[in-house]
Amino acid sequence: MPHFVEVVLPLALPKTFTYLVSEAEFEYIQKGMRVAVPFGKSKIYTALVIDLHQNAPTLYQAKEIHQILDEAPVINEHQIEHWQWIANYYMCSIGEVFKSALPSGFLLESETVISAQKESNIDEKELSDSEFLIFHALQQQSSLKVEDIVSILGKKNVFPVLNAMLSKNVLVLQEEVAEKYKPKLTRYIRLQEEFLQQEQLSELMNILSRAQKQRELVMHYFQLQAKEKKAVSVKQLLEVSGSTSAVVKSLIDKEIFEEYYIAEDRVSFEKENDSGFQLSLPQQKAFDGIKDCFANHSVTLLHGVTASGKTEIYIKLIEEFINQGKQVLYLLPEIALTTQLVSRLTAYFGNQVAVFHSKYSNNERIEVWNQVLQHSDKAKIVIGARSALFLPFSDLGLIVIDEEHEQTFKQFDPAPRYHARDAAIVLASQHKAKVLLGSATPSLETYHNVKANKYGLVELFERYGNVVLPEIHLVDLKDKYKRKKMHGHFSDDLLEAITEVLAKGEQVILFQNRRGYSPFVECMTCGHVPQCPSCDVSLTYYKFKNQLRCHYCGHSIANPTHCHACQSVDLSTKGFGTEQIEIELNSLFPEKTIGRMDQDTTRGKFGYEKIIDAFKNQEIDVLVGTQMLAKGLHFDNVTLVGVMNADNMLNQPDFRSHERAYQMMMQVSGRAGRSEKRGKVVIQTYNPYHNIIQQVTHNDYHGMYNELVYERHNFKYPPYYRLVKLTLKHRDFDKLKEGSLWLYNVLVQQLQIPVLGPEEPAISRIRNEYIRTILIKIPNQNHLGQTKKTIQRVLNSFEAVAQYRAIKVTINVDNY
């Protein structure tokens, strides 16, 4: 009887595929193993085995698998179950979840290898110039890859040439799969066994009596071995002895030393001896409250003001779960936060901590994956951004989600468009684990669940060490501009506060949630603003590079010297970003060091670490930054925080803009005065009497919650309604308009619930594709699963209409 495996491909395909295997392979293969399978035009992909059976497919002929890639499963049953939930809930294919979840080093794709046909008589005169170049190159080399041919011909599309040569029987194409992951091997040396006896040592010294450098190296080897009492690496020996690798090679050639290699971790941490601490009384009370809540609720919210010492509570809680032999996942919204937190946790737990996020290399991520899979002591605690959620946990006991309100927990592109907080709660329920949500400004949905008694609540409204909350001072920009008390974008009050703080040797953080020098350049004669040719958005001006750049597609041009419309030279920049604030500060405080932290300055692997360490070590006096500065970071010497323009956040076209503005201002205020010195926050705004700004000033979370929840109920938004957003894209404006109207009308008929649209978003064209959006509001009392099935049926019908098939539709569930 034939045997089959059911596999998932890392492609946006709505179904699984069945492949034929031999009896021996069937005996060996298990769920969660990777296999290489042929798909499409002989391309070979990595696929994941999710089932084994004897049922032949009815709609197609099952192909044979190419090879088995793993000796043991790299994925466990919990993950497959969790991925299927994500695929169902967020309305995407399990292949897209699989592609997003696995480190890309595990996702092998075959590479096309081109070689010359051996037994064929080729007349070179029949070949075109391009074909002759490839043919000649294959006479020098046995095989070429596609990128080699691209560089030989100097053009991107080489497939027409390759197809022509295939038809002339000149070439042979093959597909090869190569493993990407390589373990880190460290080179060690040891003395040959014959020299280990005492009497042979004198003989060894005689052999080396004339080779002074070799003799010295051997002496250093003995000293290192006596001191360290462990294996000696070549790197360590060369550092201590100051010798060269040529001397080591000579000793290996003389068979005095023997070299060998040991696979080692790319990342390891050291524990600090003086890292112990005691919880304060309010912290201990909160810690006991969390444990009591866990008895009745699987999810608990720790609502603690900024600098109340939530991290210390997390550490003590993690310690309890580790002592029970459980694994712990610590999720953070930003990679910037992992920098400070990793140093705090590794000081306490040592090498029991593993870090997993996208700034790590492929090999480093695969090593962490394998450590978690093997339940290694090196990965009892995993700290990471949202992608750490997909690791192969087998015995998860606790998930800590710090700054749970952050929008960066939501993935927007590519699919799966999941929310890490919600997906983590589902993962915890599968493992029967506990979830602790921590925030100074919880999201409305979470607090609503607390009020409905779905989640437990523990409050901590006292800062660690009885440090008082910062004093918040509002500056009315209308009044300051009217009285001519502005210096650039700084009010006299903010400048006075910065001068006073810097004079005391303290530090300042300035917050402006917009990067670049200014959002656009305008002609003062005709009003023309340079636009991106591919997107419906103005180009952002960068003074340092003297260029205009699009933040959506990356298109850039040199800064124009005259208007492209009327040739006027009277050009002016409008608005301001972090780069402009940095330049103004350099002119106002030339003797001080100014730093900037935004997406442009943190591109490298250690970009965050360098800036954060420099600021912590007081090498930077004033740090200007975007939202990545606003959350979770701890600097003892910061006593002043300035918000350059609070109105930017309040006036976004988004139903969550007021909630987000409150959270952002409270979080950025919390960076001030975190030790014994009291902090001060200066908020510059054109509207100081706005409700949200007044609530920030009085630290009135409950007032903000009650006001916004009332609005949400009235206007049918979460937490009372679920949202599904459909985004339609196409290059033809009229076809998109017609298709989106068709889809909207069918959805209204089928669903009988509020459907908004189709509307053009604020940026209605990106990368030459026009955009329309449709928003579906699902009441909480409606069955969510059935409603999604209806939406999916309508989308399948839409795809079946020939003229609309080219329109791309993306589904975003809980798009906020």
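A residue is called buried under 20% relative accessible area, exposed over 50% and partly exposed in between, with a 1.4 Å probe and protein chains only. The model is predicted, so local features need pLDDT of at least 70 and side-chain atom pairs count only at pLDDT 80 or more, whereas totals for chains, interfaces and linings use all residues. Residues are numbered from 1 along each chain as its sequence is written, and side-chain values use heavy atoms, with hydrogens and water left out.

**View 1. The salt bridge between Arg772 and Glu760.** The two side chains meet at 3.3 Å, N to O, under the rule that a side-chain nitrogen of Lys or Arg lies within 4 Å of a carboxyl oxygen of Asp or Glu. Arg772 belongs to strand 35 (residues 769-779) and Glu760 to the loop between strand 33 (755-759) and strand 34 (765-766), so the pair ties together parts that are 12 residues apart in sequence; helices (H or I, at least four residues) and strands (E, at least two) are DSSP runs numbered from the N terminus. Arg772 counts as buried at 9% relative accessibility, while Glu760, at 40%, counts as partly exposed. Elsewhere, salt bridges with shared partners join Glu445, Arg656, Glu659 and Arg712 into one network.

**View 2. Two further salt bridges, Lys291 with Glu320 and Asp479 with Arg483.** By the rule above, the count comes to 23 salt bridges. In the pair of Lys291 and Glu320, the closest N and O atoms are 3.1 Å apart; Lys291 sits in helix 11 (residues 281-296) and Glu320 in helix 12 (residues 310-323), so parts 29 residues apart in sequence are tied together. Both ends are partly exposed, Lys291 with a relative accessible area of 35% and Glu320 with 29%. Asp479 and Arg483 meet at 2.8 Å, N to O, where Asp479 is partly exposed at 26% and Arg483 is exposed at 55%.

**View 3. Strand 4 and its antiparallel pairing with strand 1 and strand 3.** Eight of the 11 residues of strand 4 (residues 43-53) are buried, so this strand is largely enclosed by the rest of the structure. Strand 1 (residues 3-8) runs antiparallel to strand 4 and is joined to it by five bridges, with Phe4 opposite His53 of strand 4. Strand 3 (residues 34-39) pairs with strand 4 in the antiparallel sense over six bridges, and here Val37 stands opposite Tyr45.

**View 4. Leu345 in the largest nonpolar core.** Of the 150 residues in this core, Trp83, Leu345, Leu726 and Ile776 touch the most other members; a core is a set of buried Ala, Val, Leu, Ile, Met, Phe, Trp, Tyr and Cys residues joined through side-chain atoms within 4.5 Å. With residues up to four places away in sequence not counted, Leu345 touches Ile315, Ile318, Tyr330, Gly350, Val353, Ile381 and Ile383, a contact being heavy atoms within 4.5 Å.

Methods:
Two strands pair if DSSP finds at least two bridges between them.
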